[in-house]
Amino acid sequence: MPRYRVQVDLMLCQGHGVCKEECPEVFDVKDMKTGYPKVLVKERFPDESLMEKVQAAVDYCPNQTIKLIEVED
Amino acid sequence: MNETASGIPFVSGARSAGEGGHFEEFCEHPANFLMRAYRECGELAEFDMGGINTVLMVGPEAHEAVFRADDDKVSAPEAYQFMVPIFGKGVQYGAPLDIERQQLRMHSRGLASEKMNHYAPIIARETEDWIANWGDSGEMDFYEGFADLTIKTSTHCLLGAEFRYTLTDEFATLYHTLGAAADAGGLQDPNARKDAYDARDAARARLEELISERVEYRKASGEVHPDLLQVYMDATYADGTHLRTSEIAGMIVWFMFAGHHTSANTAAWTLVELARHPDLATAVIAEVDAVADAGTQYDLKVVRRMSRLEGFIREALRVHPPLNTLTRRVVKDFEYKGHVIEKGKNVMLCPYVAHRLESEFEHAETFDPTRPQPKNPFALIPFGGGQRKCVGNAFAMLQVKVIFSVLLREYEFELAGPRGEYAEIMPSLILRPSDPCILKYRRRVRREAA
């Protein structure tokens with residue numbers, strides 16, 4: 001099974017919080033003093049059992065902020 | 001083809017500088033003009049906006065370069081100063097950058113998931129009320145219809161039930177007066193249209209009075225409501241201070257301006273395209289029925305998964321993007337692919353042109369709601385992109401989806417006018433369907449829910 005690394009482009013993130021709602025195990029949203037809240041990736045290499053939820057977070061992010069990068073074991 | 005000193009092709013057909021260069025042709029129909037500019041010149045096209053030389057930049061790579069550039073290089077506030085009298089001093093482009101960022105954070109709070117789950121049933125209820133007296137069949141102007149519906153949904157979500165149900169014609173008229181002063185003229189000379197601007201200033205002042213009354217009333221009552229007004233009243237800047245009442249009024253006008261006509265027109269185009277393509281509408285209607293039959297509340301998690309409806313609305317936004325001139329003022333020489341765009345010029349991105357690029361959208365002229373979302377986040381830009389992307393994008397999508405979830409459950413629609421109607425017109429900077437935008441509706445014969 002390939003493993004994946006979660007990569008986010010913080011410039012695109014406006015803190016909508018969809019990722020956190022879809023997969024709170026991996027994503028949190030952090031309030032910033034100024035400007036938008038930003039996604040915080042708690043687990044860069046999510047467990048295989050979470051991949052379906054992580055994929056939902058990727059798919060439903062309104063700003064296409066999150067990417068999954070396949071990594072070599 | 002003429003070129004500027006920086007080697008960027010210059011669009012043909014300019015009048016002399018004294019006659020405004022390309023300004024008149026631009027104002028006739030900005031999207032058509034920019035399409036012509038792109039066809040003639042390609043990725044970069046320079047033109048004369050009545051004294052401000054402007055460079056149209058086309059394609060995901062060019063969009064990304066602009067969206068990733070900081071405000072101290074290409075500045076939105078500098079380009080949009082003509083909006084300051086509308087939103088008011090002290091908010092958005094009328095505030096220092098740091099304050100504007102904090103205000104965006106406040107908007108974003110009001111649009112977070114848990115808030116949206118509160119707005120979705122409000123939008124559903126407003127739509128149900130709207131159709132309650134439609135009868136079994138009829139026809140109506142849906143451009144006006146959706147403009148009317150969305151002023152109700154937005155005031156309801158923003159200012160609460162009480163304001164919404166005491167909504168007067170005065171509010172709508174004031175708001176309309178503000179809108180009439182926000183057109184392409186502002187991109188050129190903010191002082192050129194004195195009468196419209198005097199009316200605008202009077203309307204802005206009266207709107208602030210109405211909103212202030214609401215704020216004072218709520219403060220006095222001590223009530224707490226789940227609407228955006230409450231979010232703005234509770235919000236604090238980094239130094240702990242609250243928004244002043246005039247700033248709250250500004251936040252509300254800002255939110256309404258950004259979201260009202262843009263959403264109404266998107267709904268109108270979505271309906272026109274559903275009526276134009278009954279074969280493609282079938283899958284959307286089936287999806288709406290499935291959600292309705294399951295009896296679930298319209299919350300974000302459910303609505304997010306309505307992929308057929310979303311694909312349809314996204315395609316309506318691709319083909320008929322409401323906002324077609326995203327402008328930035330170059331404040332430090334801006335280099336792109338070896339061309340230097342000098343300080344003082346504007347750069348402009350145009351979703352209408354961008355969304356018709358064959359390189360990004362195969363068979364771009366075909367309306368195809370099953371089209372996959374492009375991988376590059378800078379190809380499809382109906383809401384702009386980067387840090388200045390429309391903060392209401394998810395709210396807008398939610399709103400239009402909920403409206404159609406209710407409408408399509410009850411009615412089916414067909415075009416009432418001849419083929420040539422439903423044309424794309426731009427009497428302001430917002431693209432909309434031509435008048436009148438009449439469609440016929442008929443109550444659906446529903447199969448029995450299992």
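This is a predicted model: local features need pLDDT of at least 70, side-chain atom pairs count only at pLDDT 80 or more; totals for chains, interfaces and linings use all residues.
In the contact between the two chains, 19 residues of chain B meet 17 residues of chain A. On the chain B side, the elements that contribute two or more residues are α6 (97-110), α15 (300-304) and α18 (393-410), and of the elements of chain B it is α6(B) that gives the most, with 6 residues. In terms of residue class, the side of chain B that touches chain A comprises 6 nonpolar, 6 polar and 7 charged residues.

Helix α7 of chain B, which runs over residues 113-131, was examined for its length and its surroundings. The buried residues of α7(B) are Lys115(B), Met116(B), Tyr119(B), Ala120(B), Ile122(B), Ile123(B), Glu126(B) and Thr127(B). The elements that cover these buried residues of α7(B) include α6, α8 (142-165), α15 and α18 of chain B; among them, α6, α15 and α18 are also named above as elements of the side of chain B that touches chain A.

Two packed helices are described by the angle between their axes and the distance between the axes. For α16 (residues 307-319) and α18 of chain B, the angle is about 115 degrees and the axes are 10 Å apart, and the crossing of α16(B) and α18(B) is right-handed. To this contact α16(B) brings Leu309(B), Glu310(B) and Ile313(B), while α18(B) brings Met397(B), Val400(B), Lys401(B) and Phe404(B). Of the residues in the contact of α16(B) with α18(B), 5 are nonpolar, none is polar and 2 are charged.

Chain B also contains an open sheet of 3 strands, arranged in the order β4-β12-β9 and paired in the antiparallel sense. The strands β4 (137-141) and β9 (411-415) of chain B stand at the edges, and because each has a single partner strand, one side of each is left without a neighbour in the sheet. Neighbouring strands of this sheet are turned against each other by 30 degrees on average, when direction is ignored. The antiparallel pairing of β4(B) with strand β12 (residues 438-443) of chain B extends over 5 bridges, and within this pairing the bridge partner of Gly138(B) in β12(B) is Tyr441(B).

How values were computed. Residues are numbered from 1 along each chain as its sequence is written. Chains are lettered from A and ligands numbered from 1 in the order in which they are written. Two residues are in contact if their C-beta atoms, placed from the backbone, lie within 7 Å. Helices (H or I, at least four residues) and strands (E, at least two) are DSSP runs, numbered from the N terminus. Ala, Val, Leu, Ile, Met, Phe, Trp, Tyr, Cys and Pro count as nonpolar, Asp, Glu, Lys and Arg as charged, and the others, Gly among them, as polar. The expected span of a helix is 1.5 Å times one less than its number of residues. A residue is buried if 20 or more other C-beta atoms lie within 10 Å of its own, exposed if 12 or fewer, and partly exposed in between; C-beta atoms are placed from the backbone. Axes are lines fitted to C-alpha atoms, for helices over the stretch in contact, and angles run from 0 to 180 degrees between N-to-C directions. A crossing is left-handed if the near helix is turned anticlockwise from the far one by less than a right angle, and right-handed if clockwise. Two strands pair if DSSP finds at least two bridges between them.
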